[in-house]
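The following paragraphs give a guided reading of the structure shown below.

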Amino acid sequence: MAPVAATPDEQVVLGEEIDHVRVITLNRPKQLNAISPELVYLLAAYLEKWEKDDKAELIILKGAGRAFCAGGDLRVFYDGRKTKDACLEVVYRFYWLCYHINTYKKTQVALVHGISMGGGAALMVPLKFSVVTEKTVFATPEASFGFHTDCGFSYRHSRLPGHLGEYLALTGARLNGKELVVVGFATHFVSSEKIVELEKRLISLNSGDENAVRSVIEEFSSEVKLDDGSILNKRSIIDECFSKDSVEDIIKSLEAEANKEGNGWIGAVLKGMKRSSPTALKIALRSVREGRNQPLSECLKKEFRLTMNILRSTISEDMYEGIRALTIDKDNAPKWEPPSLDKVDDGKLDLIFQPFDKDLELQIPEREECRWDGKYENSPYAVPNRAVPNSG
């Protein structure tokens, strides 16, 4: 996954060093900065280098164009479907990187203007400061195309108030900038017209001091007041319905609530869930609920296992069918197998949640002095004697 030679405009990640400040720009604007193998490789290299650089104090992360990051590049997954473990390396590297972003030692600020979905949101939510605008859109829509809630979101969603996490995982519902601040997935709301000036001020601050950085951001930020129509104003119904033990019972509860006055919004929720992969819905619910009792490292290891089993079609080919229907043929008519919740075999679900052999798990460093160990190239998955550039 070595980065290929490219001009600055073509590099998928741009890194700038400005005295004590470092600026990372995700630079695939035509692909909405979707996560590619090269993007992951370069991003990890920059972050490791700068965490170890005493001169680097403040890291600013942003996206080029109209998106922050739209998540994983689904075509990469789809194109690799006929080659065994074609996407194992990028998955391993990104989940390993997710751990390091969550535990990063320098002050980080994400400037999130536009789409921030799935794995893309994993580059926003864990940061010390995440700044959103009125144009920010967040979602974890994986179940809709046969995948699961990954990149640390079985951990993040499970820690949201009530059962909001199950709602977001199963429905793929979108949250706007104000809603992200309210639920704690972002720290500040800033008008989009002020974002460029905020970045300039942060660079001129030339410091990673958290209080100083916070003060600068607060000069630009606005107080958040939810819109009347916000889904977060429906929390009591969400908590009631999404607290049920199974996906089937959640849907029954929603159907009962949908008949009550003022609950017209539930119709779209039900329609979306019923169009999603039955297998993926069950995986997502179980994963988020398990996440409540798992630390971040265990959630990422579990998500790695689930992703590899899904990519290997261990129990279902729904992800490839979902991507085909959504982005390849664009007929929006996936044929799920099995086609209904009652035909999903819980025993098969147990199979894909089973731990791998210890050396085949995602290697999350356990000791602080070795925190950048566990890289893909040092794992049994890497081809022996393969020449992989040293990223640190």
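This is a predicted model: local features need pLDDT of at least 70, side-chain atom pairs count only at pLDDT 80 or more; totals for chains, interfaces and linings use all residues.

Two strands are said to pair if DSSP finds at least two bridges between them. In general terms, strands of a sheet pair through backbone hydrogen bonds, and they do so in either a parallel or an antiparallel manner.

Among the residues involved, Ile24 has Leu61 of β3 as its bridge partner.

The loop between β2 and α1 (37-51) contains Ser36. Is Ser36 buried or exposed? The relative accessibility of Ser36 is 7%, and buried means under 20%, so Ser36 counts as buried. Leaving aside residues up to four places away in sequence, Ser36 touches Arg28 and Val90.

Attention now turns to the packing of helices. Two packed helices are described by the angle between their axes and the distance between the axes. For helix α7 (residues 195-205) and helix α8 (residues 210-220), the axes come within 10 Å and cross at roughly 155°. Angles over 145 degrees count as roughly antiparallel, and α7 and α8 are therefore roughly antiparallel to each other. Their crossing is right-handed. On the α7 side, the contact involves Glu197, Leu198, Arg201, Leu202 and Leu205; these meet Ala212, Val213, Val216, Ile217, Glu219 and Phe220 in α8. Classified by residue type, this contact of α7 with α8 has 8 nonpolar and 3 charged residues, and no polar ones.

A further helix pair is formed by α13 (residues 296-311) and α15 (residues 346-353), which pack at an angle of about 120° with their axes 8 Å apart. Helix α13 contributes Lys302, Arg305, Leu306 and Asn309 to the contact, and α15 contributes Leu351, Ile352 and Phe353. The residues of the contact of α13 with α15 comprise 4 nonpolar, 1 polar and 2 charged.

Terms used. Residues are numbered from 1 along each chain as its sequence is written. Side-chain values use heavy atoms; hydrogens and water are left out. Axes are lines fitted to C-alpha atoms, for helices over the stretch in contact, and angles run from 0 to 180 degrees between N-to-C directions. Helices (H or I, at least four residues) and strands (E, at least two) are DSSP runs, numbered from the N terminus. Angles under 35 degrees count as roughly parallel, over 145 as roughly antiparallel, 65 to 115 as roughly perpendicular and the rest as oblique. A crossing is left-handed if the near helix is turned anticlockwise from the far one by less than a right angle, and right-handed if clockwise. Contact means heavy atoms within 4.5 Å. Ala, Val, Leu, Ile, Met, Phe, Trp, Tyr, Cys and Pro count as nonpolar, Asp, Glu, Lys and Arg as charged, and the others, Gly among them, as polar. Buried means under 20% relative accessible area, exposed over 50%, partly exposed in between (1.4 Å probe, protein chains only).
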